[in-house]
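Colleague: Please take a close look at one part for me. Start with the sheet, then go on to the ligand.

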Amino acid sequence: MSENKRLGVLTGGGDAPGLNPAIRGVFYKASELGYEIVGLRDGWKGLLEKDAIPLTKEEVDAALTKGGTILGSSRTNPYNREGGKELAEKNFHELGLNALIAIGGEDTLGVAGQLVRDFRLPINGVPKTIDFDVPETDFTLGFFTALEVTTDVLERLQDTARSHHRVMVLEVMGRHAGWLGLFTAVAGGADYVLVPEKKANIDDLVLKVKQAVSNKGFAVVVVSEGAVLDESMLKDRPVDEFGHVQLGGMGEVVASFLEKQLNMEVKAVILGHAQRGGKPSVLDRILPQLQAIKAVEWLHDGQTGVLAAYREGSIKPIDLTKVVGKNRPLPESLINDFSVFFRG
Ligand code: F6P
């Protein structure tokens with residue numbers, strides 16, 4: 001690498017606790033290797049608009065324990081805009097970047113993979129999403145912090161459901177994958193769970209909830225937002241730049257369905273964006289910093305176009321093109337193993 005090396009870092013897609021620790025890892029390693037570090041604001045939008053800010057050690061240190069991202073985020077997709085990918089390449093050079101770290105989920109990393117493929121830009125990725133569904137990695141920053149939040153809420157709902165002899169439905173995020181839904185239900189002891197990977201068995205759901213009500217006087221059901229009980233709900237919903245339908249509201253559908261079936265009061269709680277906020281857990285501070293350090297180190301050594309994936313106990317470089325257009329659903333075997341808790 002030449003003198004005056006400049007490394008950019010961006011965070012894209014839905015924010016997640018652990019983004020700031022990842023930025024800090026990037027900053028420390030890149031500084032040690034002699035780079036000037038700039039943050040691109042609001043994901044790929046920052047590259048398209050050449051919106052870059054210098055980062056300081058004080059800023060990244062102060063952000064370590066904070067949720068969200070100090071760089072801002074967006075769902076901007078250069079590949080969905082006329083001339084977007086060419087503009088991204090041009091701006092990369094005009095900003096004087098020698099390297100870029102993209103921290104994001106399947107969409108943000110997918111763009112990184114395409115820019116590497118189309119222009120050979122030196123970009124590495126760090127996986128993020130509370131949905132836990134980036135392929136090729138067993139860990140995505142944000143998931144375990146979000147799981148603590150969703151599980152805590154489930155426990156609180158059990159207290160109030162027990163007191164009022166009610167059925168309560170908790171909707172959690174998880175667009176294509178039910179990791180957050182299933183793990184919340186198992187960690188918090190829900191009576192039933194609906195996930196996107198498995199077609200809802202309505203008879204099972206009703207039976208299990210009826211049993212819970214008759215045995216203990218209340219029931220709690222967890223629903224992943226991407227679980228589909230009623231397809232008609234998805235019509236006419238807005239889509240983002242990556243073509244994803246904006247979800248939310250399946251908890252209400254399940255609650256009103258159960259209300260009719262059981263002839264009793266059923267309340268829905270849509271947790272929404274609260275589950276993405278809050279300070280990162282210690283795991284969401286340690287692993288993202290390590291992944292970021294490796295992503296920078298590899299870039300510096302000329303190994304580009306890779307994701308710093310956590311697999312089998314260590315951080316491994318995985319070709320970013322393997323991530324483009326894919327996600328990581330719950331394995332059927334895991335759903336089957338945990339189904340012991342949800343059978344009638
Ligand atoms: O980042 C993933 C995610 O949290 C999904 O679980 C959810 O469907 C989506 O983002 C919500 O997106 P937005 O923040 O744009 O409403």
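Modeller: An open sheet of 4 strands runs in the order β7-β8-β6-β9, with parallel pairing. Strands here are DSSP runs of E, at least two residues, numbered from the N terminus. Two of them pair if DSSP finds at least two bridges between them. At the edges sit β7 (192-194) and β9 (266-270), each pairing on one side only. From one strand to the next, the twist averages 20°; its axes are lines fitted to C-alpha atoms, and angles run from 0 to 180 degrees between N-to-C directions.

This is a predicted model, where local features need pLDDT of at least 70, side-chain atom pairs need 80 or more, and totals for chains, interfaces and linings use all residues. Residues are numbered from 1 along each chain as its sequence is written, and side-chain values use heavy atoms, without hydrogens and water.

Within the sheet, β6 (residues 167-172) and β8 (residues 219-224) run parallel, joined by 6 bridges. V167 has A219 in β8 as its bridge partner.

Elsewhere, β10 (residues 306-311) and β11 (residues 314-319) run antiparallel, also with 6 bridges. A308 stands opposite P317 in β11. Their hairpin has 2 residues between the strands, and E312 takes a positive phi near 50° there.

Now the ligand. Around it stand G14, R75, D131, M173, G174, E225, H273 and R276, where near means a heavy atom within 4 Å. By class, this shell has 1 nonpolar, 3 polar and 4 charged residues. Ala, Val, Leu, Ile, Met, Phe, Trp, Tyr, Cys and Pro count as nonpolar, Asp, Glu, Lys and Arg as charged, and the others, Gly among them, as polar.

Several side chains make polar contacts (N or O pairs within 3.5 Å). D131 places a polar side-chain atom 2.7 Å from a ligand oxygen. For R75, the distance from a side-chain N or O atom to a ligand oxygen is 2.8 Å. For H273, that distance is 2.9 Å. Taken alone, the ligand exposes 400 Å², and the protein buries 80% of that (Shrake-Rupley, 1.4 Å probe).

Why does the ligand lie between the domains? Domain 1 (6-141 + 280-323) and domain 2 (143-277) both give residues to its shell, so it lies between them. Those bounds come from an automatic or database domain assignment.

Conventions
A polar contact is a pair of N or O atoms within 3.5 Å; within protein, one must be able to donate a hydrogen and the other to accept it, and residues adjacent in sequence count only if both atoms are side-chain atoms.
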